[in-house]
Amino acid sequence: MEVLKLIRVKQWIKNVFVLIPLLFSLKFTELSTCITAFCAFLLFCFASSFVYVFNDIADREKDKLHPKKKFRPLASGTLSVSFAYFLLILLLAIITFLLLAIYDEKVFLIICVYLGMNFLYSLKLKHLVLADVFVVALGFILRVYAGAYAIDVEVSSFLFMTTFFLSLFLAFSKRKAELSKTGEETRAVLKKYSVEIINQYIIISAGLTILCYSLYTLEPHTIEHFGTNRLIYSVFFVTYGIFRYMYLLNFLEEIEDPTEAVYSDKGLFLTCLGFCLYIFLILFKVV
């Protein structure tokens with residue numbers, strides 16, 4: 001369905017970052033807390049869809065030149081621009097309703113920052129080298145903090161850094177894929193990057209992601225919180241997942257987006273599934 005393509009339902013998987021505080025706070029057994037966390041998840045789903053629709057309206061002419069983006073509803077003409085504007089109003093109404101349901105000032109502020117930041121991104125920041133990637137990373141951090149504020153829990157410093165460096169890793173990986181496979185004509189900022197420098201950024205951010213997550217699992221507060229030191233073994237899944245994605249990025253030309261990789265590659269999907277399963281086994285004291 002063209003509407004689902006326009007609002008990028010497949011990209012909603014990125015918003016699972018909102019649920020990270022729920023998982024690691026051990027509050028997922030509380031029904032009211034789970035409902036609030038799910039509302040926060042939906043809030044970012046519709047907020048991100050709002051951003052996608054806004055961007056597609058602004059970039060529809062450039063998208064016509066892209067080998068894949070030219071098939072998007074607005075670029076291909078299967079949906080009208082006037083309908084897209086109507087959809088923006090509808091999404092804004094849903095966002096407002098979910099904000100009222102959560103009723104938290106900090107979450108409201110985060111959504112305002114997220115939407116404002118992406119508005120600036122569409123107009124200017126996406127054309128600035130490095131700023132374009134750091135904005136994407138900040139978006140994931142905002143997701144984590146929105147999920148934490150919604151259920152009234154704190155975010156560990158190491159968990160914050162893990163999210164930040166993982167976001168940079170994924171954002172730089174996407175830039176590499178775009179630069180390698182589509183050239184510079186569809187995204188102006190790509191002219192300011194090279195595959196060599198992006199490879200260095202990817203290696204640094206990947207290493208820091210694994211390091212920070214490892215430190216998080218060894219943090220005394222984390223061990224006390226989970227009641228075990230066996231969370232360290234989940235580093236295996238994190239490391240393999242990162243290495244697997246780097247492999248796909250270098251040897252499979254069709255991989256251009258992290259979301260596509262999770263959906264299409266069985267190895268990466270099973271790694272993510274295995275990580276979640278292991279965390280739940282720890283939480284339920286099975287291992």
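Let's start with the second largest pocket, which is lined by P21, F24, S25, V153, E154, V155, S156, L159, Y216, H221, T222 and H225. A pocket here is an open set of points on a 1 Å grid over the protein atoms alone, where a 1.4 Å probe fits, with protein on both sides within 12 Å along at least five of seven lines, and a lining residue has an atom within 4 Å of a point. Two elements give two or more residues to this lining, α2 (20-24) and α10 (220-226), and the largest share, three residues, comes from α10. Helices are DSSP runs of H or I with at least four residues, numbered from the N terminus. By type, the lining splits into six nonpolar residues, five polar and one charged. Here Ala, Val, Leu, Ile, Met, Phe, Trp, Tyr, Cys and Pro count as nonpolar, Asp, Glu, Lys and Arg as charged, and the others, Gly among them, as polar. The space in this pocket is about 230 Å³, taken as what is filled by probe spheres set on the grid points, which are joined across faces, edges and corners.

A word on the model: it is predicted, so local features need pLDDT of at least 70 and side-chain atom pairs count only at pLDDT 80 or more, while totals for chains, interfaces and linings use all residues. Residues are numbered from 1 along each chain as its sequence is written, and side-chain values use heavy atoms, leaving out hydrogens and water.

How confident is the predictor? On pLDDT, its confidence in each residue from 0 to 100, the chain has a mean of 88, and 94% of its residues reach 70 or more. Among the elements, helix α12 (residues 258-264) has the lowest mean, 70, and helix α9 (residues 195-218) the highest, 95.

So, on to α9. Its 24 residues should span 34 Å at 1.5 Å a residue, and its end C-alpha atoms are 35 Å apart, which agrees; the expected span is 1.5 Å times one less than the number of residues. Its buried residues include I198, I202, C212 and Y216, where buried means under 20% relative accessible area, exposed over 50%, and partly exposed in between, with a 1.4 Å probe and protein chains only.

How many disulfides are there? With a disulfide taken as two cysteine sulfur atoms within 2.5 Å, the count is zero. C212, buried at 5%, has its sulfur 19 Å from the closest cysteine sulfur, in C272, too far for a bond. C276 is partly exposed at 36%, and its sulfur lies 7.0 Å from that of C272, also too far.

Terms used: pLDDT = per-residue confidence, 0-100.
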